[in-house]
Amino acid sequence: MAEVYEQLGGPDGVRTAVTVFYNRITADEQLGRWFEGIDLDRLKAHQRAFLTAAFGGPQVFSGRSLRDAHADLAITDAAFDTMVSTLLTSLADLGVPKEAVTAVGERLEGARAEVVTA
């Protein structure tokens, strides 16, 4: 999985990907509501640490489990699909190799049961 982290561009690539991703989902009519009133700087930092650890970078993530972090958010399968699609498109648009984008998608699909709560 460290190879995926490097294909994402290491820390700079993860930072850029998270920024592009959150810019897109907070502007989305259907997804934006989940982020109203949220400290996005804090959330982006948390997401960078999570993705870094999840994709083979340095283990700096110490947050709640995915299940605990999403338990009260009533996330639907459709919202999950849109968020994953948005992240994968963001990565592709940033020039991440197709193999790495595919690996990210597969890894995220494995987290569906922990994130979808509605």
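Predicted model: local features only at pLDDT ≥ 70, side-chain atom pairs only at ≥ 80, totals over all residues.
Biologist: Let's start inside. Which residues of the largest nonpolar core touch the most other members?

Modeller: The general idea goes like this: in soluble globular proteins, nonpolar side chains tend to be buried together. Here the largest nonpolar core has 32 residues, and Leu-8, Ile-25, Phe-55, Leu-91 and Val-104 touch the most other members. Two or more core residues come from each of helix H1 (2-7), helix H2 (10-27), helix H3 (40-54), helix H5 (77-93) and helix H6 (98-109). H5 gives the largest share, seven residues.

Biologist: Say I click on Leu-91. Leaving aside its neighbours within four places in sequence, what is Leu-91 in contact with?

Modeller: With those neighbours left aside, you'll find Leu-91 in contact with Leu-8, Ala-17, Val-96, Val-101 and Val-104. Two of those partners, Leu-8 and Val-104, also turn up among the core residues that touch the most other members.

Biologist: Okay, now the gaps. How much space lies in the largest pocket?

Modeller: Rolling a probe the size of a water molecule over the atoms shows where empty space is left. In this model, the largest pocket holds about 940 Å³ of space. It is lined by 31 residues, and Tyr-22, Leu-43, Gln-47, Ala-69 and His-70 are the closest to its centre. H2, H3, helix H4 (66-70), H5 and H6 each give two or more residues to the lining, with the largest share, seven residues, coming from H3.

Biologist: And how many of the lining residues are nonpolar, polar or charged?

Modeller: The lining of the largest pocket splits into 22 nonpolar, five polar and four charged residues.

Biologist: Last one: how many aromatic pairs does the structure hold?

Modeller: A pair of aromatic rings is described by the distance of the centres and the angle of the planes. The structure holds two such pairs. Phe-21 and Tyr-22 are edge-to-face, with 5.1 Å centre to centre and 70° between the planes. Tyr-22 also pairs edge-to-face with Phe-35, at 5.8 Å and 85°.

Biologist: Why do Phe-21 and Tyr-22 count as buried?

Modeller: Check the cut-off: buried means under 20% relative accessible area. Phe-21 has 5% relative accessibility, so Phe-21 counts as buried. Tyr-22 has 4%, so Tyr-22 counts as buried too. Phe-35 is also buried.

Technical notes:
Residues numbered from 1 in each chain as written. Heavy atoms only, no water. Core = buried A, V, L, I, M, F, W, Y, C linked by side-chain atoms within 4.5 Å. Buried < 20%, exposed > 50% of the residue type's maximum accessible area, 1.4 Å probe, protein only. Helix = DSSP H or I, 4+ residues; strand = E, 2+ residues; numbered from the N terminus. Contact = heavy atoms within 4.5 Å. 1 Å grid on protein atoms, 1.4 Å probe; cavity = no way out; pocket = protein on both sides within 12 Å on 5 of 7 lines; lining within 4 Å. Points joined across faces, edges and corners; volume = space filled by probe spheres on them. Nonpolar A, V, L, I, M, F, W, Y, C, P; charged D, E, K, R; others polar. Phe/Tyr/Trp six-rings, centres within 6.5 Å; stacked < 30°, edge-to-face > 60°.
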